[in-house]
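Subject: Handover of the model

Hello,

Please find below the structure I am handing over. Notes on what was found in it follow.

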Amino acid sequence: MDSRLDRYFRYTKTWRAEKQRLRAILLDFPLTEELKWRQPCYTFQGANVVILGAFKQTCDLGFFKGSLLDNPHGLLIPPGPHSQASRQLRFTSVQEIEEKEPIIRATLQNAIEVERAGLKVDFREKSELVFADELLAKMEADPDFKAAFEALTPGRQRGYNLFFSAAKQSKTRAARIEKHAARILEGKGMHDR
C-alpha cells in the first residue's frame, strides 16, 4: 500500500468521512490501492478498475469500464454527456453509502469480473465523429493543418472536435479553431503542455 494514501485520507478536506468509508469497503476486495492522478485508484492485475473522487456536490466511485457493468438500480451514471466507458456511483453522505453498501459491493465485484474476463469497451470509431463545418473548412483551406489534425490520436481529435462544436456561433467555432491551430500543428492535444 502506498504511504501517500494514508496522508491523503488523513488530510483530505472534502468528503473525508465519506472517502474513508468507501476506502474501507474497497479494501475488502482483491484490489491494489494506488495514488494516480492525485486520487486513490484501485487496480486489479495492473488494470484500473475504480477511482475514488470528490467534487463540490458529491463523493464518487468512478468505474473505468462502467458501461460494461450491470446497472439494475440505475445508479451508475456517465460523468458527462460524451462519456463512453466510465460510469460513477455518487454519494452525499456516509449514511447513503451505508444504505447502498450492498449495491456498491455488487458493482465492485462485477467490475473485477469484467477485468478478469478481459472485456473491452467498444469505443466509437473515428469515422463516427461529425466534424464542425468550420473545422472541415479549415482543413480544406490548409493541407498542413489537415495532415496535422489527422495525425492526432483519435482521443485528441475527439477532444478538439467536441470543444469546437460546443460553441453556438460559427464565428466562435472559427475563433477556437484558429486559437488552437498552432497546438494542432505541433501534434499536441488541448490539455498537453
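A residue counts as buried under 20% relative accessible area, as exposed over 50%, and as partly exposed in between, with a 1.4 Å probe and protein chains only. At 68% relative accessibility, glutamine 45 therefore counts as exposed.

This is a predicted model, in which local features need pLDDT of at least 70 and side-chain atom pairs count only at pLDDT 80 or more, while totals for chains, interfaces and linings use all residues. Residues are numbered from 1 along each chain as its sequence is written, and side-chain values use heavy atoms, with hydrogens and water left out.

Loops

Glutamine 45 lies in the loop between β2 and β3 (47-54); helices (H or I, at least four residues) and strands (E, at least two) are DSSP runs numbered from the N terminus. Most residues other than glycine have a negative phi. Glutamine 45, however, has a positive phi, near 50 degrees. Tryptophan 37 has a positive phi too, of about 55 degrees. Tryptophan 37 sits in the loop between β1 and β2 (39-44) and, at 57% relative accessibility, counts as exposed.

Leucine 31, in the loop between α2 (16-26) and β1 (32-36), counts as buried at 12% relative accessibility. Leaving aside neighbours within four places in sequence, leucine 31 is in contact (heavy atoms within 4.5 Å) with Leu26, Tyr42, Thr43, Phe44, Val49 and Ile112.

Sheet

Five strands form an open antiparallel sheet in the order β1-β2-β3-β4-β5, where two strands pair if DSSP finds at least two bridges between them. β1 and β5 (87-91) are the edge strands, each pairing on one side only. Four bridges join β2 to β3, and threonine 43 has asparagine 48 of β3 as its bridge partner. Helix α4 (residues 101-116) packs on the sheet and touches β2, β3, β4 (59-63) and β5; its direction makes about 150 degrees with that of β3. Axes here are lines fitted to C-alpha atoms, for helices over the stretch in contact, and angles run from 0 to 180 degrees between N-to-C directions.

Helix pair

The axes of α6 (residues 143-151) and α8 (residues 170-185) come within 9 Å and cross at roughly 65 degrees. The two helices are therefore roughly perpendicular, a word that covers 65 to 115 degrees. Asp144, Phe145, Ala148 and Phe149 of α6 make the contact with Ile177, Ala181, Ile184 and Leu185 of α8.

Regards

Notes: Parallel < 35°, antiparallel > 145°, perpendicular 65-115°, else oblique.
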